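Please read this note beside the model.

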Amino acid sequence: MDNNKLYKLSLLIITVAGLSFIFWWLGNDPSSGLRIRVAGEDNRGAGGILQDVNIGEIFNNYSSDYDSLSESWPRFRGSDFDNISKSPVRLIDKFSSEDPRIIWSVELGEGHSGAAIFEGLVYILDYDEEQRADLLRCFSLTDGRELWSRGYNLNIKRNHGMSRTIPAVTDDYILTIGPMCHVMCLDRETGDLRWGLDVAREYESEVPLWYTGQCPLIDDGKAIIATGGKALMVAIDCETGEKLWETPNPSDWKMSHSSVMPFTYGGRKMYVYSAAGALVGIAADGDDAGKLLWSTTEWNHSVIAPSPVCMPDGRIFMTAGYGAGSMMARLSENNGEYSIEVITKYPPRDGLACEQQTPLYWNGHLFGIVPKDGGPARNQLVCVHPDDPQKPVWTSGPENRFGMGPFFIADNKLFILDDDGTLTIAKPDLQRYIQYDQVKVVEDGHDAWAPFAIANGYLMMRDASTMVCLDLNR
Amino acid sequence: MESKSKSKNRREFIQSGVRLSLALALGSVSGLALSRSIKDDYVWQIDPFECTQCGRCATDCVMTPSAVKCVHAYDLCGYCDLCGGYFKPDANELTTAAENQLCPTAAIERKFIEEPYFEYIINEDLCIGCAKCVKGCTSFGNGSLHLQIIHDICLNCNDCSIARVCPSDAIKRVKATEAYNIKGDFTENPES
């Protein structure tokens, strides 16, 4: 074979090999072995079927004797929505050898619902695991005797507890929201049913994850419920059950665990609410009651438990867990038009944040317990100035860490409950963390997350399964 | 007669010898196995209560992928729909779509059980020990997901490379007979 033939043959072989390689390379998909992760691989069900519930069908009457007292803690965060007791009753700041003075205790269904107190009566929405029913239970504050209960049959399963809300109580009415968004309005004195509303059915609302956490509001005789679904918020006449107004919800913002906070700014009363989707302000009165005055989708998280902290100068502080962090915003009014501007927004490790409890606003400062994903300050009580919520004025230090339990101020003392039922008394201070004392109240306690209620020196607190009445009178 | 008797004795002697040899061999093997099982050998293991989910187990182990894997203490799990160990914070939707999942290798399988419960199963072959799920579960859940060194993968290096870089000294030598610190069963490491 001469060189020319050899050259041509080599060229042919190289060409064929090259073309083969190009065809192989173009036809080969290096990602063919990868599995595409798409929705639906968990075989998720169609969702829970709405149960037919006869709200108020159960009534148990046990007793009518109780000691009438002078003070009340009638709803979530107390009379003034600030979680600060204004009672003149002097409370202990040190636990003696007799403490904790547990006056009475009662076993409850697993949950985190808190008590409201009205002039010697304690109201709590419990889930009775044996009877499988939501029950509003009424106890005598001084001795724990159960007076009556009213509720309805409902099948639910444990989902990090069952009950989570606090009733709203006035002279005339008691208003509750159950785990599956059933609203029940009762006559306060008799426990008679006024009316009921199945929010999930009527407004096609999505029941929040781990069940409803929104505490209901009674304002000027109106039940205020943030429904999500077909309406964002509704007002219902407590006396008749008649709907007074509904706020449209074109953006389909959803119900969160946050509660509605009344706020008056620029001469206008409004309801501030952190829906899953946006932070909103809704006109509370006037001809346009129920109108959306302002909103911002800058605050848009899927799980929000704390409620808005509204400050007199128009600033609103929002915080949430699950990595959401916090936001400080400023409300402005111009000729009756409202707008909201975000001042700062940051992740939980960069400043004051809370996962479950609403921060306290006291003496121009904010106090809260940083969540577990809050970096070095995790689980510490932190005090910040609203001008810079990312710069702690002080922290309680790594030796004083807390959980997701409640904290509030009464008799100028700061009470903090740890997850395991340990109660701490500290001094509310703007310079540093000063701890007075600490005592274990609930033995083997866990998930003690329900907000406090206090009246006449009796503190109502609970862990996941036990509610206790603690005498804090000095 | 005498010859038969001699033959029988020889046979019995051989049989006895074989029996004795077998018994000795069996005894030796058993003794060796017993000594192995009760010998105070040590292996490396993670104390899940000390772990800060820094991510170095994925990058500093001499094995590729790491011998550290996520394990699941089912008795601690809440079986939540929104699982902080499975979903990214503020996930668009609670679905199995890739954009919602925290795990970079899809090593967690999510299965619907019944309303409102979901089960989360770790695929050890896919897990690289990055601890992203552990961080999410610890921060937002019950902490049922946690890291452990898997001993059929671990080379048990005398100088464990991840123990050297662990910022919280969570990796310690434990007795080989108690090689795992599984949460739920394990509440306190006796040597810590």
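1. Leaving aside neighbours within four places in sequence, which residues is A:M233 in contact with? The partners are A:I224, A:I225, A:A226, A:T227, A:T247, A:Y271, A:Y273 and A:I282. Contact here means that the C-beta atoms of two residues, placed from the backbone, lie within 7 Å.

2. Some ground rules. This is a predicted model, in which local features need pLDDT of at least 70 and side-chain atom pairs count only at pLDDT 80 or more, while totals for chains, interfaces and linings use all residues. Residues are numbered from 1 along each chain as its sequence is written, chains are lettered from A and ligands numbered from 1 in the order in which they are written.

3. On confidence, the predictor gives the complex an ipTM of 0.84 and a pTM of 0.88. Chain B has a mean pLDDT of 89. In chain B, 88% of the residues reach 70 or more. The pLDDT is the predictor's confidence in each residue, from 0 to 100. Where it is low, the predicted coordinates should not be read in detail.

4. A:M233 also belongs to the largest nonpolar core, which has 139 residues. A:M233 is among those with the most contacts inside that core, together with A:A116, A:I117, A:Y123 and A:M460. Apart from it lies another core, of 37 residues, including B:V68, B:C77, B:F87 and B:C154. A nonpolar core is a set of buried Ala, Val, Leu, Ile, Met, Phe, Trp, Tyr and Cys residues joined through C-beta atoms within 7 Å. A residue is buried if 20 or more other C-beta atoms lie within 10 Å of its own, exposed if 12 or fewer, and partly exposed in between, with C-beta atoms placed from the backbone.

5. Now strand β17 of chain A, residues 268–274. Five of its seven residues are buried, so β17(A) is largely enclosed by the rest of the structure. Helices (H or I, at least four residues) and strands (E, at least two) are DSSP runs, numbered from the N terminus.

6. β17(A) runs antiparallel to β16(A), residues 261–265, with five bridges joining them. Strands pair if DSSP finds at least two bridges between them. A:P262 has A:Y271 as its bridge partner in β17(A). Two residues sit between the strands of this hairpin, where A:G266 takes a positive phi near 60 degrees.

7. Five bridges also join β17(A) to β18(A), residues 279–283, again antiparallel. A:L279 in β18(A) stands opposite A:S274. This hairpin has four residues between its strands, and A:G277 takes a positive phi near 140 degrees.

8. Chain A as a whole has two helices and 34 strands. Its C-alpha atoms fill a box of roughly 120 × 55 × 50 Å, taken along the principal axes. Of its 474 residues, 49% count as buried.

9. Chain B has four helices and six strands, in the order α-β-α-β-β-β-α-β-α-β. Buried residues make up 34% of its 192 residues. The domain assignment, which is automatic or from a database, gives domain 1 (1–39) and domain 2 (42–178). Their centres, taken over C-alpha atoms, are 51 Å apart.

10. Finally, the contact between chains. Chain A contributes 23 residues and chain B 21 residues. On the side of chain A that touches chain B, six residues are nonpolar, ten polar and seven charged. Here Ala, Val, Leu, Ile, Met, Phe, Trp, Tyr, Cys and Pro count as nonpolar, Asp, Glu, Lys and Arg as charged, and the others, Gly among them, as polar.
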